[in-house]
Amino acid sequence: MNKPTTVKALEDLGRVKLSTHFYMRDFLYSEISQIEGIPNIPDYPDRAIEAGRQLCEQLLEPLQDRFGRLVIRSAYRAPAVNAKGAENNNQYSCASNEKNYASHIWDYPDADGYLGATVCIVVPALLPWYDQEGDWTPLAWWIHDNLPYTSQFWFPKLAAFNLGWSGNPNTLPSIGTYVINPHTGDKTALVKGGVATLNLDQRKRIVEPWLASLG
């Protein structure tokens, strides 16, 4: 598929089904694009579709199957959109294009030539627990133990978090945060270089009370 240059072509791209419940159009909205007037359209749609399908099939579908509807906050960014967000010391909280290849920029591979994709989501099923306990870690640990993610990064508002898939077999899982972990009182990464700070039994003791609260 060529890069869309007409409304019809962009509509066709938006109708591409990435998985059972997700379509390409779900991932193309961008506030930066809207305000700055920069089209958020992939240069290489077939690559974006390939990466997006892996993200949806391996991560988003099983997450939605288990916890219900997901809210997509930010997903695909065209290089020009991301570059605008990274200007002026990350004016819109975007890392450089080079750091976002195979991440938010789905259609450009990483330095090793592998595709990847990142989406920022909110999981409404977590919010009552997060509002009451201030604890986002049960979902982070559940994902760690159940899904083939490569990266998570957590934010304070609505317990939104970046969730990433990578086709690079050398990429080790990581879970970083801007949110204080109520179990430790700091913002130390839960997983770094593929190594978790807690063992499986310790993780279960954090996850199970939240799961029980869901009924």
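This is a predicted model: local features need pLDDT of at least 70, side-chain atom pairs count only at pLDDT 80 or more; totals for chains, interfaces and linings use all residues.
Biologist: On what basis are local features reported here?
Modeller: Residues are numbered from 1 along each chain as its sequence is written, and side-chain values use heavy atoms, with hydrogens and water left out. Totals for chains, interfaces and linings use all residues, side-chain atom pairs count only at pLDDT 80 or more, and local features need pLDDT of at least 70.

Biologist: How are α3 and α7 oriented to each other?
Modeller: The axes of α3 (residues 45-67) and α7 (residues 137-146) come within 12 Å and cross at roughly 125°. Angles under 35 degrees count as roughly parallel, over 145 as roughly antiparallel, 65 to 115 as roughly perpendicular and the rest as oblique. The orientation of α3 and α7 is therefore oblique.

Biologist: Which residues of α7 make the contact with α3?
Modeller: Contact means heavy atoms within 4.5 Å. From α3, L63, R66 and F67 take part; their partners in α7 are L139, W142 and I143.

Biologist: Where does α3 bend?
Modeller: The bend at a residue is the angle between axes fitted to the seven residues ending there and the seven starting there. For α3 this angle is about 40°, at C56.

Biologist: Is A102 buried or exposed?
Modeller: A102 lies in the loop between α5 (97-100) and β2 (116-122), and its phi is positive, near 65°. Buried means under 20% relative accessible area, exposed over 50%, partly exposed in between (1.4 Å probe, protein chains only). At 12% relative accessibility, A102 therefore counts as buried.

Key. Axes are lines fitted to C-alpha atoms, for helices over the stretch in contact, and angles run from 0 to 180 degrees between N-to-C directions. Helices (H or I, at least four residues) and strands (E, at least two) are DSSP runs, numbered from the N terminus.
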